[in-house]
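Colleague: I'm new to this one, so please keep it simple. Give me a close look at just one part: the surroundings of the ligand.

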Amino acid sequence: MSNQSHLEKLNAEMLACTKCALRKGCTQVVPGAGSEDAKILFIGEAPGQKEDATGVPFVGAAGKFLDEMLGIISLKREEVYIANVCKCRPPSNRDPLPEEIATCWPWLLEQIKIIKPKLIVTLGRHSMERFLPGFKISEIHGKAMRREIEGVGRQVFYTLYHPAAALYNGSMRETLIKDFKRIPKIIKKIGQEEKN
Ligand code: URA
């Protein structure tokens, strides 16, 4: 099966998911969007109001900022993949609960297995904690790390502040843009390491 049909099948299964209570309170499941062959997988927290209304991740103010940053490194959102640790909007945009993240995890794991990204970029604390527990985002943002994911193997992670948190905070915004600009170099380094 091609990556595209594999992902389409997974998306159809996700759209029918009722495994946790979040589905009852939201409009629709937001599986993810982008290229099934993406080198970079961006993982945010959970859909907000606009994402819940459209079914597309990162289309609100934070999403516009993400698009802007992708533009700075000459990428379009169609060339990467964008997903969330929780596929359904939490009520009033509250933080996703650990049990909701855990229930949604098999979907994200399947997305990672199909896309096989060279780099996973976590956006915000909740996404970071899912893969790099025990770290502080203020200490590891902007640093690439190799870690094992159960069922996937070694994977390179890069932690960024969440675009929504950085949007109206001048110094965090500067830091996020600076970290974001390092992504092409990290991808290049991963490519070189693969050749050796
Ligand atoms: N914030 C997220 O973490 N994900 C989205 O899809 C939108 C906003």
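**Around the ligand**

Modeller: The shell around the ligand divides into 4 nonpolar, 3 polar and 2 charged residues (Ala, Val, Leu, Ile, Met, Phe, Trp, Tyr, Cys and Pro count as nonpolar, Asp, Glu, Lys and Arg as charged, and the others, Gly among them, as polar). Keep in mind that this is a predicted model, where local features need pLDDT of at least 70, side-chain atom pairs count only at pLDDT 80 or more, and totals for chains, interfaces and linings use all residues. Residues are numbered from 1 along each chain as its sequence is written, and side-chain values use heavy atoms, with hydrogens and water left out.

So who's in that shell? Gly44, Glu45, Ala46 and Pro47 are there, along with Glu51, Pro57, Phe58, Asn84 and His162 (near means a heavy atom within 4 Å).

Now the polar contacts (N or O pairs within 3.5 Å). Asn84 instead uses an N or O atom of its side chain, which sits 2.8 Å from a nitrogen of the ligand. The ligand's space is the largest pocket.

Gly44 from the shell also leads us into the sheet, since strand β2 spans residues 40-44 (strands are DSSP E runs of at least two residues, numbered from the N terminus). β2 runs parallel to β4 (residues 119-123), with 4 bridges joining them (at least two make a pair). Along that pairing, Leu41 stands opposite Ile120 in β4. Zooming out, the open sheet has 6 strands in the order β1-β3-β2-β4-β6-β5, with mixed pairing. Its edge strands are β1 (33-34) and β5, each pairing on one side only.

Terms used. A polar contact is a pair of N or O atoms within 3.5 Å; within protein, one must be able to donate a hydrogen and the other to accept it, and residues adjacent in sequence count only if both atoms are side-chain atoms. On a 1 Å grid over the protein atoms alone, a cavity is a set of points where a 1.4 Å probe fits but cannot get out, and a pocket is an open set with protein on both sides within 12 Å along at least five of seven lines; lining residues have an atom within 4 Å of a point. A molecule sits in a cavity or pocket if more than half of its atoms lie within 2 Å of its grid points.
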